[in-house]
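Open the model in your viewer and keep the sequence panel beside it. The stops below go from the whole chain to single elements, each with something to select.

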Amino acid sequence: MDTVLYFSVLLLTAVRPMYSAPRIVDLSHQQDDNAVSWPVNPPYNFTKLHRGFYAPFNIWLENNHIAMPEHMGTHVDAPVHTFKGTWRTHQIPIEKLYGPGVIINVKAKVESNPDYRVSTDDLLKYEEKYGEIPRHSVVIMNSGWTQKYLNNTLVWGTMQLLDSSTFHFPSWHEEAVTWLINKRQVNAIGVDTPSTDYGQSKTLPCHLIMGKNNVVGIENVANLDNIPESGSTIYVPVIKIYDGSGGPARLFGTYDDDPDKTNAASTATSSMFYTCFFIIPLIIKF
Ligand SMILES: [Zn+2]
């Protein structure tokens, strides 16, 4: 019996698949009354239609009505948002709503300058580290702004929320956006702040360039510290609103853990799995 057990363990160890954990990261903030919205927008409205026992079917039933601005919380800007004649929300091809994830970390620069704009130089530095930005990428600025998310004064960088000339938050420089579109043919460009143009912008050049080129915008992205700067796939599943200019999205990213990074915990878990399902039955049988 000892010999059978020994060879069983040896065999199982040999055929045990490499440990590789697919990871998924939620990149969206929750939609509710507090979700960030351009201050002049009407409020989010969530109304309970029914919450309780529903006699006709003899079941518990919950059913609500929501009304909200398209551009609220984690959301997409359809190209038509700022450029006439381009795609409305329902017209954005599904293949434009995902791609290799590229996270541009500018947290250190933003700390000393809330009006920072991501530059072409930042993109070239990223490429030095991770290689060329793939075609059809979803490129998102990580400025660290997600930490401020539920505080409107911090998010907009002002106490005067109804005066947009007082806004201070980072975003993209139009030269970097042009470079990403012309040189790397990206699918989407996003930010963890409220706009793909920085707070002090008066003319929204990034919005105009992205709109004109049918490139999708993404605003108020969350959890960017929890996804690798390179090597993920990011999905931008915006609600398919007919004739819309954008819409809320449950943004998420996926990536595979490097098998070489197998840690003690995962090894212990898989050993327990094999002990329970293979070794113990063998012992019982013999
Ligand atoms: Zn928007």
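Helices (H or I, at least four residues) and strands (E, at least two) are taken here as DSSP runs, numbered from the N terminus. By that definition the protein has seven helices and 13 strands. Residue numbers start from 1 along each chain as its sequence is written. The model is predicted: local features need pLDDT of at least 70 and side-chain atom pairs count only at pLDDT 80 or more, while totals for chains, interfaces and linings use all residues.

**The whole chain.** A residue is called buried if 20 or more other C-beta atoms lie within 10 Å of its own, exposed if 12 or fewer, and partly exposed in between, with C-beta atoms placed from the backbone. Of the 286 residues, 32% count as buried. Two residues are in contact if their C-beta atoms, placed from the backbone, lie within 7 Å. Among contacts with a separation of 6 or more, 76% are between residues 24 or more positions apart.

**The sheet.** Strands pair if DSSP finds at least two bridges between them. Colour the nine strands of the open sheet in the order β1-β13-β11-β5-β7-β9-β10-β4-β12; their pairing is mixed. At the edges are β1 (22-26) and β12 (246-248), each pairing on one side only. From one strand to the next the twist averages 25°, with axes being lines fitted to C-alpha atoms and angles running from 0 to 180 degrees between N-to-C directions. Within the sheet, select β11 (residues 232-235) and β13 (residues 252-256), which run antiparallel and are joined by three bridges. Y235 has F252 in β13 as its bridge partner.

A nonpolar core is a set of buried Ala, Val, Leu, Ile, Met, Phe, Trp, Tyr and Cys residues joined through C-beta atoms within 7 Å. The largest has 39 residues, and V139, I140, I189 and V236 have the most contacts inside it. Elements giving two or more residues to this core include β5 (98-105), α3 (120-130), β7 (138-142) and α6 (205-212). The most comes from β7, with four residues. Centre on I140: leaving aside neighbours within four places in sequence, I140 is in contact with I103, G190, V191, I218, V221 and L224. A second, separate core has eight residues, W145, W156, F167 and F169 among them.

**G217.** Move to strand β10, where G217 lies. Is G217 buried or exposed? G217 is buried, because 27 other C-beta atoms lie within 10 Å. Apart from neighbours within four places in sequence, its contacts are V76, D77, I189, G190, T196, H207 and M210. A C-alpha to C-alpha distance line from G217 to N187 reads 9.0 Å, across 30 residues of sequence.

**Helix α5.** Select A176, V177 and L180, which are buried in α5. Seen down the helix axis, the buried residues of α5 fall within an arc of 105°, so they line one face; the arc is that of the directions from the axis to the C-beta atoms. What covers them includes α3, β7, β9 and α6. On the face turned away are the exposed residues N182 and K183. Q185, which follows α5, has a positive phi near 45°.

**The β2-β3 hairpin.** Finish with β2 (residues 45-54), which pairs with β3 in the antiparallel sense over nine bridges. Four residues separate the two strands of this hairpin, and N58 in the turn has a positive phi of about 60°. F53 stands opposite W60 in β3. How many of the nine residues of β3 (residues 59-67) are buried? The count is zero, and the strand is hardly covered.
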